[in-house]
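Q: I have a model open and want to learn to read it feature by feature. Where do we begin?

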Amino acid sequence: MIRTIIAVGLGVLLLQGGVQAQDHTIIALSHSDFTAYELDPATGRIINQFKADNQPHESAVTLDGKMIFAAIPQGPHVVILDGETLKQIGKIESEYFTRPPLEMPQIPGQPPRPPSTSASPHGVALNRAASKLYIGVETSDVPGIVVYDVRAGRVSKKIDLLLEGGHFLAIDQQTDKLYYPHRADNRVVVIDTRTDQILKIIHVEGGPVGVAFSPASEAWVHSDYDGSVTVIDTRNDEVIDLIQTGGEGAGRIAVSPDGRFAASTHGGTEDVAIIDTQTRTVVASVATGPGPGFPLFSPGSDKLYVMNSRAGDVAVVDMKSMEVEARYAVGVNPFGGSIRSVGGR
């Protein structure tokens, strides 16, 4: 039986005397209400929230959970939040985040949309030392990645890539290599974050957009257009497998910390495909509800949290039963998200 839990405001939560101690919380980014929420994973109660000036899309959290970076593409900027309070403590702005006016497609029945001057700072990822933040600018005149020096508090450079469709990027904490899928070009760019040099460009079919990493030296890539998952050996950055999940539509991917499973979401079929990483087979397709976005595994690998943008909730999947055991209502349309370590909070 699925428990439906309506998230409550921060003030009510504090009156109730706090939350159950957890080793992690869920950061859920809701687009239309411009809000980042922090949820207690055991109850779905809202612990903290941050109201942005536009849509928050993707986030990166330091390993100690003390700092959160959230991309606001139409800001255009990246906000820096205190991990314990979700209060803004900084903002990253750059000339690289803007571009000459770009005509926006008009929506029938809607007011005319003005030209956009945002280069769409979107995907964000921290290197292993949390000394550099990498920010994708997919609609720049020359698409690429902006590098922010966290310790110096300034943008240090832009890496020009010239490929189209870069939406999400991630860094393998084992190798410190950055993987940047480009769904319009069917390529994944690999960058050495120590030197910021391009190491390789890997051909991946199906519109690659999401990437996550296995302890077994593998990168798992979700493709939007055909629902497939590609496995890359990160030791030599060669494709070693292609898995057809049977799912359709845009989504993202996660690999459980213990390396047993990968989870690939599909907005078209409204499900998450659970893949056994050893046999490379889909062992379950779990119906999550409308608009599944980011999947996030708990640190113990026993739970999977899936953002559902059109349902306005987070689905909690029990990894033993492979079934949705709870839904946490949060915001309007949560799509992006992260896990935040709270050190036994």
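This is a predicted model: local features need pLDDT of at least 70, side-chain atom pairs count only at pLDDT 80 or more; totals for chains, interfaces and linings use all residues.

A: Begin with a definition: two strands pair if DSSP finds at least two bridges between them.

Q: In which sense do β6 and β7 pair, and over how many bridges?
A: Strand β7 covers residues 77-82, and β6 pairs with it in the antiparallel sense over six bridges. Four residues link the two strands in a hairpin.

Q: What is the bridge partner of V61 in β6?
A: I68 again: in β6, it is the bridge partner of V61. V61 brings in strand β5, residues 59-61, which pairs with β6 in the antiparallel sense over three bridges. The hairpin of β5 and β6 has five residues between the strands, and G65 there takes a positive phi near 75°.

Q: Is strand β6 enclosed or open to the outside?
A: Count buried residues. In β6 (residues 67-72), five of the six are buried, so the strand is largely enclosed by the rest of the structure.

Q: What should I expect of side chains along a strand?
A: In a regular strand they alternate between the two faces of the sheet. Check that pattern by eye.

Q: Which backbone values deserve a second look?
A: Most residues other than glycine have a negative phi, and most peptide bonds are trans. So look for the exceptions. The bond joining G75 and P76 is cis, with omega about -15°. P76 sits in the loop between β6 and β7.

Q: Where is N186, the non-glycine with a positive phi?
A: N186 lies in the loop between β16 (177-182) and β17. Its phi is about 55°. N186 counts as buried because its relative accessible area is 19%, and the cut-off is under 20%. S301 is another non-glycine with a positive phi, about 65°. Its place is the loop between β27 and β28 (303-308). S301 is buried, with a relative accessible area of 7%.

Q: How many residues lie between β17 and β18 in their hairpin?
A: Four, and D196 in the turn has a positive phi of about 60°. The strands, β17 at residues 187-192 and β18 at residues 197-203, pair in the antiparallel sense over six bridges.

Q: Is T85 buried, partly exposed or exposed?
A: Partly exposed, because its relative accessibility is 33%. T85 is in the loop between β7 and β8 (88-92). Its side chain reaches the backbone nitrogen of K87 at 3.2 Å. T85 and I47 are 38 residues apart along the chain, yet their C-alpha atoms are separated by 8.8 Å.

Q: How is empty space found?
A: Rolling a probe the size of a water molecule over the atoms shows where space is left. In this model, the largest pocket holds about 1,200 Å³ of space.

Q: Which residues lie nearest the centre of the largest pocket?
A: V61, L63, I171, Q173 and I339, out of 40 lining residues. Strands that each supply at least two lining residues include β5, β11 (121-126) and β19 (208-214). β31 gives the most, with five residues.

Conventions. Residues are numbered from 1 along each chain as its sequence is written. Side-chain values use heavy atoms; hydrogens and water are left out. Buried means under 20% relative accessible area, exposed over 50%, partly exposed in between (1.4 Å probe, protein chains only). A polar contact is a pair of N or O atoms within 3.5 Å; within protein, one must be able to donate a hydrogen and the other to accept it, and residues adjacent in sequence count only if both atoms are side-chain atoms. On a 1 Å grid over the protein atoms alone, a cavity is a set of points where a 1.4 Å probe fits but cannot get out, and a pocket is an open set with protein on both sides within 12 Å along at least five of seven lines; lining residues have an atom within 4 Å of a point. Grid points are joined across faces, edges and corners, and a volume is the space filled by probe spheres set on the points.
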